Amino acid sequence: RRPLDGTLPSMASTFVPTVIRREIDAQPSAARATCFDCPARTSDLCSHLPEETIADLFAAAGKIHLKRGEPLVLDGDAANSAYNVVDGTLMLTRHGPDGRRQVLAFLSRGHFIGLSSDDVYHFNAEALNDVTLCRFDRARLERLLREHPVMEKKLRHIAAKIIESALDLVFTLGRKDAVGRVSAFLVHLH
């Protein structure tokens with residue numbers, strides 16, 4: 001794990017959890033029915049995709065279940081996978097050089113997480129309750145995006161929404177006092 005400022009390691013780098021992640025390999029016919037009946041089917045990534053694209057996406061997915069408090073990823077972990085939240089809530093955090101944790105976001109059903117501009121994650125993601133996710137191997141997902149331009153377009157749309165939301169939050173927080181910043185953050189969560 002990399003230090004955040006070159007002097008002190010992040011809290012995440014000193015915490016090495018023992019996590020048991022269970023991937024479920026469903027039979028193709030059961031898997032297909034599961035994908036089309038998925039609670040996250042209306043997410044930005046999956047909604048309005050052609051049946052053939054959904055079938056290919058599901059064939060590339062594995063299910064992961066996390067218990068409350070289990071980490072999905074830690075800052076500095078290799079960014080080998082991307083995830084779509086099926087059920088439950090994840091908390092994204094980052095630790096500062098002084099060891100204090102800052103909450104960045106809460107992600108719930110339908111939120112997509114895990115694509116990175118380089119080969120590592122730059123945040124921690126922890127289950128706030130029992131969480132179910134679809135896991136996509138990064139290399140396989142990138143192949144799917146090349147094969148299915150409609151899916152690549154959806155992913156670009158998700159990235160643009162995230163950037164716009166972050167810019168709106170930075171702008172809003174910059175104009176508020178401490179109480180206003182907390183209020184704006186809580187409104188932003190909804």
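Q: What kind of model is it, and how are residues numbered?
A: It is a predicted model, in which local features need pLDDT of at least 70 and side-chain atom pairs count only at pLDDT 80 or more, while totals for chains, interfaces and linings use all residues. Residues are numbered from 1 along each chain as its sequence is written, and side-chain values use heavy atoms, with hydrogens and water left out.

Q: How many helices and strands does the protein chain have?
A: The protein chain has six helices and nine strands, taken as DSSP runs numbered from the N terminus (helices are H or I, at least four residues; strands are E, at least two).

Q: And what share of the residues is buried?
A: Of the 190 residues in the protein chain, 37% count as buried, where buried means under 20% relative accessible area, exposed over 50% and partly exposed in between (1.4 Å probe, protein chains only).

Q: Switching to the sheet, in what order do the strands come?
A: The order is 3-8-5-6 in an open sheet of four strands with antiparallel pairing, two strands being paired if DSSP finds at least two bridges between them. Strand 3 (71–73) and strand 6 (101–107) are the edge strands, each pairing on one side only.

Q: How many bridges join strand 5 to strand 8?
A: Four bridges join strand 5 (residues 90–95) to strand 8 (residues 124–127), and Leu90 has Ala127 in strand 8 as its bridge partner.

Q: OK, helix 5: how far does it reach?
A: Helix 5 (residues 149–174) has 26 residues and reaches 37 Å from first C-alpha to last, close to the 38 Å expected at 1.5 Å a residue; that expected span is 1.5 Å times one less than the number of residues.

Q: What does Met151 touch?
A: Leaving aside neighbours within four places in sequence, Met151 is in contact (heavy atoms within 4.5 Å) with Leu45, Leu49, Thr53, Leu57, Leu144 and Leu145.

Q: How many residues are in the largest nonpolar core?
A: That core has 18 residues, and Met151 and Leu155 are among those with the most contacts inside it; a nonpolar core is a set of buried Ala, Val, Leu, Ile, Met, Phe, Trp, Tyr and Cys residues joined through side-chain atoms within 4.5 Å. A second, separate core of 17 residues includes Val73, Leu107, Ile113 and Tyr121.
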